[in-house]
Amino acid sequence: IYISQNAEHESGLTLYQTLAHEAFPGHMYSYNFRRQNPYPALQEQLKCMGYSEGWAVYAEIAAAEWIEECARRNLYLQQVYQKIYDDFVLCQIDIEIQVMGWTVEDIETFSEEAYGGSSRQAAETVMKMLINNPGVYQPYVVGYFELEDLRQKYCTEMGVPEKEFIEAWHSCGQAPFYIVDGYMNRVFGARTDEEILESESVYYR
């Protein structure tokens, strides 16, 4: 992992969050799992960013348990969830720009509602960034919430241990989320094969 010289100006918690995302238990964990448990050749060529970035955001939250001091752990979680919120706001603005043709003024108004304040310069910066990089935040936000929906379904509702859920997630490998869900259904026996095929067929109608 290359660490920018700018990192020396960041707080320890910010660097911790970055390492949790990029290293362990984030992307580097996924990479090592794949090296030890190779996927089929065709699947190795898939690039499902929502799957990979969703896991890395989830890993940022999971890494909180290794912070022993309660106050510091809570501060870290506040930082992580704030970033998720910020990215969610940027996702919404991105869609409005690309689909509805939002202007800088629209962004400024929306930001005032989301944060209680904004500036023309900040709105112009966001506009320029999203025009040049459409869809850049969606894999992080949508990916995380799709993963969290699956975790709620299997861990919270069905009582699957989180360790087993995580192993199934990585054993499935990069794929659209409905395929990941179908794989987990088979692993954990949530539904019959007929019900799984019926739910998956919805995506092709």
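## Exercises on a predicted model

Glu148 and Arg151 sit three residues apart in helix 8, about one turn of the helix. The model is predicted, and the exercises below start from this pair.

**Exercise 1. Determine how the side chains of Glu148 and Arg151 meet, and whether the two residues are buried or exposed.**

Step 1. The spacing is three residues within helix 8. An α-helix has 3.6 residues a turn, so residues three or four places apart point the same way.

Step 2. The two side chains form a salt bridge, with an N to O distance of 2.9 Å.

Step 3. Both Glu148 and Arg151 are buried.

**Exercise 2. Describe the salt bridge between Asp87 and Lys83, and classify each partner by accessibility.**

Step 1. The closest N and O atoms of Asp87 and Lys83 are 3.0 Å apart. A salt bridge requires such a pair within 4 Å.

Step 2. Both residues belong to helix 5, where four residues, about one turn of the helix, separate them.

Step 3. Asp87 has a relative accessibility of 8% and is therefore buried, since the limit for buried is under 20%.

Step 4. Lys83, with a relative accessible area of 38%, is partly exposed.

**Exercise 3. Find which helices the salt bridge between Glu105 and Arg120 ties together.**

Step 1. In this salt bridge the closest N and O atoms lie 2.5 Å apart.

Step 2. Glu105 is in helix 6 (residues 104–115) and Arg120 is in helix 7 (residues 120–132), so the pair links parts 15 residues apart in sequence.

Step 3. Both partners are partly exposed: Glu105 at 40% relative accessibility and Arg120 at 39%.

Step 4. For the whole structure, the search finds seven salt bridges.

**Exercise 4. Characterise the largest cavity by volume, lining and residue class.**

Step 1. One cavity of 30 Å³ or more is counted, and the largest cavity holds about 70 Å³ of space.

Step 2. Its lining consists of Val57, Glu60, Val80, Lys83, Ile84, Asp87, Tyr140, Val141 and Tyr144. Lys83 and Asp87, the salt-bridge partners of Exercise 2, are among these residues.

Step 3. Helix 4 (49–62), helix 5 (70–100) and helix 8 (138–157) each contribute at least two lining residues. Helix 5 has the largest share, four residues.

Step 4. Sorted by class, the lining of the largest cavity contains six nonpolar, no polar and three charged residues.

**Exercise 5. Identify the buried residues of helix 9 and the helices they pack against.**

Step 1. In helix 9 (residues 162–172), the buried residues are Phe165, Ile166, Ala168, Trp169, His170 and Cys172.

Step 2. These buried residues pack against helix 2 (27–36), helix 3 (41–44), helix 4, helix 8 and helix 10 (177–188).

Note on methods. Residues numbered from 1 in each chain as written. Predicted model: local features only at pLDDT ≥ 70, side-chain atom pairs only at ≥ 80, totals over all residues. Heavy atoms only, no water. 1 Å grid on protein atoms, 1.4 Å probe; cavity = no way out; pocket = protein on both sides within 12 Å on 5 of 7 lines; lining within 4 Å. Points joined across faces, edges and corners; volume = space filled by probe spheres on them. Nonpolar A, V, L, I, M, F, W, Y, C, P; charged D, E, K, R; others polar. Buried < 20%, exposed > 50% of the residue type's maximum accessible area, 1.4 Å probe, protein only. Contact = heavy atoms within 4.5 Å.
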